[in-house]
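This report concerns selected local features of one protein model. The sequence and the structure are shown first.

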Amino acid sequence: MITASLLALTAASACSVGESGGGQQPAPPASDAVDPALKVESPKNLAGVSDSCQLLTAEQLSALGASGSEPKPSINDQYKEPTCNISNDAFDITVDINTKNGGMTAANARRDNFDNFAPTEVAGYPAAQINADSSVCTVAAGIADDQSIEVFYAKNAGGTPEMDDACGYAKKITAEVIKNIPSA
């Protein structure tokens with residue numbers, strides 16, 4: 001049902017998942033304002049996560065083809081929350097935490113700000129593929145009604161054929177990240 005409802009949503013234009021006109025973020029939706037199609041049935045809680053690099057284990061990084069890559073934690077300029085950058089010859093990954101700017105209902109409300117916005121589902125959570133092209137994709141997944149995780153994936157050179165599908169691989173990484181987010 002989530003997927004069918006999400007597929008009814010449309011695409012449009014802009015750059016970053018959290019950006020909106022004028023540079024100001026809209027207030028997160030009140031819990032009663034959550035789009036029923038985007039309601040999270042099994043919420044998780046990012047509020048206690050202070051290092052988004054901890055959301056991918058060494059084993060997961062190895063399975064994803066990033067063994068030997070040094071995850072670099074920092075603070076996201078846009079959300080002012082933890083971010084993690086992982087780079088190697090095959091790809092670049094950024095994992096952003098968003099606990100202050102709303103979940104997928106807020107992202108959906110800003111869908112006209114993106115170059116493209118394709119509703120999807122990742123590991124049973126409402127999500128969207130955003131600003132995707134042949135080698136780049138951001139996947140935003142609502143892990144609670146007011147929180148999301150965003151995974152940016154950019155294909156470089158080499159790697160496996162699976163890595164050539166930018167959004168498919170971003171969804172795979174996002175599913176791995178979701179496994180490590182504490183339950184609400």
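Predicted model: local features only at pLDDT ≥ 70, side-chain atom pairs only at ≥ 80, totals over all residues.

**Disulfides**

The structure holds two disulfides. Counted along the chain, the bonded cysteines follow the pattern 1-2, 3-4. In general terms, a disulfide is a covalent bond between the sulfur atoms of two cysteines. The sulfur separations are listed here.

| Disulfide | S to S distance |
|---|---|
| Cys53 and Cys84 | 2.0 Å |
| Cys137 and Cys167 | 2.1 Å |

A disulfide joins Cys53 to Cys84. This pair links distant parts of the chain, with Cys53 in the loop between helix H1 (2–7) and helix H2 (58–63) and Cys84 in strand S2, 31 residues apart. The link of Cys53 and Cys84 is right-handed, with 100° about the S-S bond. Cys53 has a relative accessible area of 11% and is therefore buried, the cut-off being under 20%. Cys84, at 1%, is buried as well.

The other bond is formed by Cys137 and Cys167.

**Strand S6 and its partners**

Strand S5 (residues 125–130) pairs with S6 in the antiparallel sense over four bridges. S5 and S6 form a hairpin with five residues between them, and Asn131 in the turn has a positive phi of about 50°. Strand S7 (residues 147–155) also pairs with S6 in the antiparallel sense, here over eight bridges. A hairpin of two residues joins S6 to S7.

Thr138 connects the description of both pairings: Thr138 is the bridge partner of Ile130, and Thr138 stands opposite Phe152 in S7.

**Asn76 in a loop**

Asn76 is found in the loop between strand S1 (72–75) and strand S2 (82–87). Is Asn76 buried or exposed? Its relative accessibility is 10%, so Asn76 counts as buried, given the cut-off of under 20%.

Not counting residues up to four places away in sequence, Asn76 touches Glu81, Thr83 and Asp96. With Asp96, the side chain of Asn76 makes a polar contact to the side chain at 3.2 Å. The C-alpha atoms of Asn76 and Ile97 are separated by 8.4 Å, although these residues are 21 residues apart along the chain.

Key
Residues numbered from 1 in each chain as written. Heavy atoms only, no water. Pairing = 2+ DSSP bridges. Buried < 20%, exposed > 50% of the residue type's maximum accessible area, 1.4 Å probe, protein only. Contact = heavy atoms within 4.5 Å. Polar contact = N/O pair within 3.5 Å; in protein donor to acceptor, adjacent residues only side chain to side chain. Disulfide = S-S within 2.5 Å.
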